[in-house]
Amino acid sequence: MGEFWDLTIRFFSLADGNVRWVVAGAILLGASAGALGAFAYLQRRSLLGDALSHAALPGVGVAFLVVGYKSLPALLIGAAASGWLGALAVNAITKYSKIKQDAALGIVLTVFFGLGVVILTHIQKSGAGTQAGLDKFLFGQAAALGSGDVALLGSVAVILLTILVVGFRSFKLISFDSGFATSAGVPTGLLQFLLTTMIVAAVTIGLQAVGVVLMAALLITPAAAARQWTDRLSLMVLLSALFGALAGLLGAWVSFLAPRLPTGPWVVVIVSFIFLVSILFAPKRGIISRLRQHRHGRGKIVREHILKALYKLGEQDENWSGRYGISQIEQAWSFSHRELNAALRYLDRRDFIQRDNGSFMLTEDGVVEGARVLRRHRLWELYLTTYLDLPGDHVHRDADEFEHVMTPEMEAQLEELLDRPEYDPHHQAIPNIGREGTQ
Amino acid sequence: MGTAAVAPIEVHDLTVAYRKKPVLWDIDFDLPEGALIGLVGPNGAGKSTLIKAIMGLLPVLSGYVRIYGQPLEKQRELVGYVPQRETVDWDFPVDALDVVTMGRYGRMGLFARPSKRDKEIAMACLDKVGMADYATRQISQLSGGQQQRVFLARALTQDASIYLMDEPFAGVDAATEAAIITLLKDLKSKQKTVVVVHHDLNTAEEYFDYIMLLNMRLVKFGPTAEVFTPENLRITYGGKLQLLSQAAEKIARQG
């Protein structure tokens, strides 16, 4: 355990020159992959990133065979070229055959990856001693980045980020509506080519640190996480870059702690965690926030049903100051006792009902609210029978649902359309209490 | 700009193919200046295809398009385009004003920022379609009709002489329909030429000065009173021309 803290402190204090290089490199790689991934994600080309990175592997092997030793620039050029070739192959297959894009992506990904593994195995068997670094391209090893590597990879990342910032609006336009962009004279094809090239480049420079197998996670997952937090593209790209950078940094840290472990899987674990937190806790889009909204809506439905039931009981007795037990209120609904009790407590607190020893009575406000809900219910029933020619016994259920979401504007429209009716299709009076224009 | 002698849009013997299968044959017409023109025909008649071909979004097999006597590339600023609403992802993270400002990008240069004037124009155009209050609304929170109005506002920022609109009335609410009609009248009063792909035969007669009936070929084009007759509609909607469809299939397979 002591060693863990020692190494961690050494890593984050950045005292070690080597560590500084690795950290800078990992952050830049993660940021560029995250930022460009946002565009791949929004253009629904996420799987292309996966195919690209796998397709880069044979290029690494071929470049090594050609040059004869492990030269990073040569390997990168090889990887980028075969990544691009993979992308072109996907396009060609979908264009010239009847095979759909998902199948084309699957075919290209596996064929190129398989070829890559065969070439790497051949290099290993041929006993080329210097191949020692090549297997890292499979699952990545961030801690093995040297200062020279980082200088090269980092520069590419900085260039990519700069182009992205400068051309941001153009990339936004072609990603949102390429047809309109073309019609307005924007060179859409050229910009799309540039964007795809940049994605290929971002994938390529990340290969050594993250590996071809899992690189797509660093491209797509930060973008998917960032999308949960914001509805503004600039902020989304920024967040996505930050998430990518964070994943890169933490990946490098793990790799520093355990240099023999591949980095890629750890990066995936980290971005997945960020994604999980985002999709759970993000405001508005997050699952928890949506559940809460749903619960809120459900609570409203239960409360309105209670008020309506109490109002109808009063209607029967022609007197709204009677007290009724819970079994009378409950009727035939499928609400749980917990929901019912919560709703009753809420209504009591807000002075819509008075509770006394398990029996309930509407207050003045409660009568108005109950009348409002029932009025909407009966107006909607009348509308459905009049305008949709539905038989009277078919409309109750629809009205039961719609009464809760009807807006005051719609209610006013209905009143006008139906000429302020007095009775619903079942000849029951439409309540007047609190009705617009009625005293 | 356009002198009276030169048509805003001249389409000459145009044949357009989709994946090598011809969908429009030998289309030939001159549009009159300052008119509202309804482009009408059954599903699959090639209405959208014609609009896209004029905008240079589809390759043409033969024939050509002239805008005020010049090729489109020289005249793009004179043509505003409203694509079909379904062609984009409305969950894209931008707001209404962002989308409308995109109408200015074509003349801004690739790496320029929108100027204060660009933003003012965008805002004014949003206002013109009754959407000023929704400027900062994320586009997925707009109703279908409101989204359509955002698209119209974007085209208005281009301040063009010709507008091509692909089904702006499809699936919109009454308020949007009224807003579009007002807008069309306004454009006409400014001598703009507007082509509208339209589906609803009940309203076509009322909305447009000229009607173009299309079904893989140009059936009829002229003033509404002359063209919009039961006989012409029967020809347009009376099923596909079997031989023409078969020929198209054959050509596609050969290719």
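Predicted model: local features only at pLDDT ≥ 70, side-chain atom pairs only at ≥ 80, totals over all residues.
Helix H13 (residues 264–281) and helix H14 (residues 287–317) of chain A have axes that come within 4 Å and cross at roughly 15°. I then looked up who makes the contact: A:Ile279, A:Leu280 and A:Phe281 come from H13(A), while A:Ile287, A:Ile288 and A:Ser289 come from H14(A).

I stayed with H14(A) for its span. Its 31 residues reach 45 Å from first C-alpha to last, close to the 45 Å expected at 1.5 Å a residue. Just after H14(A), I found A:Glu318 with a positive phi of about 55°.

**H4 and H5**

Next I turned to helix H4 (residues 72–96) and helix H5 (residues 101–125) of chain A, which pack at an angle of about 145° with axes 9 Å apart. I logged their crossing as right-handed. On the H4(A) side I listed A:Ser82, A:Leu85, A:Gly86, A:Ala89, A:Val90, A:Ile93 and A:Thr94; they meet A:Gln101, A:Ala104, A:Leu105, A:Val108 and A:Phe112 of H5(A). This contact divides into eight nonpolar and four polar residues, with no charged ones.

**Arg376**

Is A:Arg376 buried or exposed? I found A:Arg376 buried, at a relative accessible area of 6%. A:Arg376 sits in helix H17 (residues 364–387) of chain A. Leaving aside residues up to four places away in sequence, A:Arg376 touches A:Glu403, A:Met406, A:Thr407, A:Pro408 and A:Glu411.

Note on methods
Residues numbered from 1 in each chain as written. Chains lettered and ligands numbered in written order. Heavy atoms only, no water. Helix = DSSP H or I, 4+ residues; strand = E, 2+ residues; numbered from the N terminus. Buried < 20%, exposed > 50% of the residue type's maximum accessible area, 1.4 Å probe, protein only. Contact = heavy atoms within 4.5 Å. Axes fitted to C-alpha atoms, helices over the stretch in contact; angles between N-to-C directions. Expected span 1.5 Å × (residues − 1). Left-handed = near helix turned anticlockwise from the far one by under 90°. Nonpolar A, V, L, I, M, F, W, Y, C, P; charged D, E, K, R; others polar.
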